[in-house]
Amino acid sequence: MVRAAVLPAVGAPLEITGIDLPDPGPGQVRVRLAAAGVCHSDLSLSNGTMRVPVPAVLGHEGAGTVVAVGEGVTHVSPGAEVVLNWAPSCGSCHACALGEVWLCANALNGAADVYAHRSSDGSDLHPGLNVAAFAEETVVPAGCVLPLPEGIPVTDAALLGCAVLTGYGAVHHSAQVREGETVAVYGVGGVGLAALQAARIAGAARIVAVDVSPEKEELARGAGATDYVLASDTTAREIRGLTDKQGVDVAIECVGRASTIRTAWDSTRRGGRTTVVGIGGKDQQVTFNALEIFHWGRTLAGCVYGNSDPAKDLPVLAEHVRAGRLDLGALVTERIGLEGIPAAFENMLAGKGGRALVVF
C-alpha cells in the first residue's frame, strides 16, 4: 500500500488515502516519486474545466526512482532516476508522422485505464494524466518515463516534466524568440517563471512580466524580467509605453482567460506574435474583428506542452541547468506534503506564489 491524493469525483475534495498498486506488467515501470509539482492543469481537472475519468489520482509533473520494470522494458532499470512524461507519443498517428509529437492523438489514452485500487474497498482508480504523480509510488507505461540526465537533483527535476518543458517550449519552439526581441509574459506562476527564464536564455532585450499580484515582482525579476506590470485595463498601453509605443515582439499568455489573451494580443507590435499556453474553459470567448486581423498582421498561436518533444528537449534543458542558465529551484515557492495540495490549489486560484512542490 502507498499513500496517494485521490479525486473521488469532479468538484469533490481530494482524499489522502492508501492505494494498492500492481506489479508492473509487460511494458510497464514502477516508480517511487521523489517530488511532484502542483500544476494548474491538476486544478482544472479537479474542478471539471478539463475532463478526467474518476475516481483518479492526479499529478502529472513528477520525478523519482525506478523500483521495478516489466517484461520488455530496456531503456530504464531499477535504481535509475527518471522524469515522468505525462503525454507519451504513439509514433504512428498523423501528428506523430508529421513530427508534431505534442499533438499525438493517442497520448492520453492511458488516462482511461484502471491502474490501481483503493486499499479500503478495492474500488478502481484511474491515473489522471497517465502518470498519477500525487502518490508515493506509481505504475506507468514505459513511454511515460525518461531517464534523468546526470547532474540534475531528482527532486527539482520534477519541474522538467511540465512547467519547464511548457514554458521553455512556448518561448523557443512556438514563439521562436530571437536574440534582441522584446517579450511579455502574462502570468507569473510555475510556467510563467519558466517562460521568463527561457526568454532570458534566448537573449531577449526586454522582458516584461505581467501579473495581478504585486508580491510576485521579486519572483519575476529573479527569473529574468526587466520590467513588471500589474495587470489592469491599461496593461497593453503600459507595455507599448515601455517599447517606444510599438508593443512587444512576442507575448506569452500563461493564464487561459479571454481577457488576458486579448490583452496579450493587443500588447504586441504590428506583426507581433502571441502564444497562448494557458488552458481556459469553453466559456472563455475571445473576439477579433476582421479589419484588425488584416491591419495588425499579428499571429495568434496555441501551444500544447510547449510544442516540445520531451525525449529531445530534456537533455537540452539539463544542459541549461548544469550551466547555471536555468534555475529549477527558483520556480518553487512552497514545498509541501500530499496534505498540502488542496491549499496549493487555493493559492493558485488566489494568484499566489509560483510552483508548489510535493516532496516525498
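Student: To begin with the sheet, in what order do its six strands lie, and is the pairing parallel or antiparallel?

Tutor: Keeping in mind that this is a predicted model, the order is β13-β12-β11-β14-β15-β16, in an open sheet whose pairing is parallel. The average twist from one strand to the next is 20 degrees.

Student: What makes β13 and β16 the edge strands?

Tutor: Each of them, β13 (residues 227-230) and β16, pairs on one side only.

Student: How do you know that β12 and β13 pair?

Tutor: Pairing requires at least two bridges between the strands, and β12 (residues 206-211) and β13 have four, in the parallel sense, so the two strands count as paired. Within this pair, Val208 has Asp227 of β13 as its bridge partner. Against the sheet packs α7, which touches β11, β12, β13 and β14, and the direction of α7 makes about 160 degrees with that of β13.

Student: How do you know that β15 pairs with β14 and with β16?

Tutor: The same cut-off of at least two bridges applies. Five bridges join β14 to β15 (residues 268-276), and four join β15 to β16, so both pairs meet the definition, and both run parallel.

Student: What is the handedness of the crossover from β14 to β15, and through which helix does the chain pass?

Tutor: The chain passes through α8 (residues 258-266), and this β-α-β crossover is right-handed.

Student: Which strand pairs with β17, and over how many bridges?

Tutor: Strand β17 (residues 332-336) pairs with β18 (residues 355-359) in the parallel sense over four bridges, and Ala356 in β18 is the bridge partner of Glu334. Here the chain crosses through α11 (residues 341-349), again in a right-handed β-α-β crossover.

Student: Why are α4 and α10 called roughly perpendicular?

Tutor: Helix α4 (residues 163-174) and α10 pack at an angle of about 95 degrees, with their axes 11 Å apart. Since angles of 65 to 115 degrees count as roughly perpendicular, the two helices are therefore given that label. On the α4 side the contact is made by Val164, Leu165, Tyr168 and His173, and on the α10 side by Pro310, Asp313, Val316, Leu317 and His320. Sorted by class, these residues are six nonpolar, two polar and one charged.

Student: What makes α1 a mostly covered helix?

Tutor: Six of the eight residues of α1 are buried, where buried means a relative accessible area under 20%. The buried residues are Ser41, Asp42, Leu43, Ser44, Leu45 and Ser46, and they pack against β1 (residues 2-7), β3 and α11. After α1 comes Gly48, with a positive phi near 95 degrees.

Student: Why is Asp244 called exposed, and why is Asn307 called buried?

Tutor: The relative accessible area of Asp244 is 69%, and exposed means over 50%, so Asp244 is exposed. Asn307 has 16%, which is under the 20% limit for buried, so Asn307 is buried.

Student: What makes Gly27 partly exposed?

Tutor: Gly27, in the loop between β2 and β3, has a relative accessible area of 31%, which lies between the limits of 20% and 50%, so the label is partly exposed. Leaving aside neighbours within four places in sequence, Gly27 is in contact with Gly70, Glu71, Val73, Val140, Pro141 and Ala142. The C-alpha atoms of Gly27 and Gly70 are separated by 5.6 Å, although the two residues are 43 residues apart along the chain.

Conventions. Residues are numbered from 1 along each chain as its sequence is written. This is a predicted model: local features need pLDDT of at least 70, side-chain atom pairs count only at pLDDT 80 or more; totals for chains, interfaces and linings use all residues. Side-chain values use heavy atoms; hydrogens and water are left out. Buried means under 20% relative accessible area, exposed over 50%, partly exposed in between (1.4 Å probe, protein chains only). Contact means heavy atoms within 4.5 Å. Axes are lines fitted to C-alpha atoms, for helices over the stretch in contact, and angles run from 0 to 180 degrees between N-to-C directions. A crossover is right-handed if, with the strands pointing away from the viewer, the path from the first strand over the helix to the second runs clockwise. Angles under 35 degrees count as roughly parallel, over 145 as roughly antiparallel, 65 to 115 as roughly perpendicular and the rest as oblique. Ala, Val, Leu, Ile, Met, Phe, Trp, Tyr, Cys and Pro count as nonpolar, Asp, Glu, Lys and Arg as charged, and the others, Gly among them, as polar.
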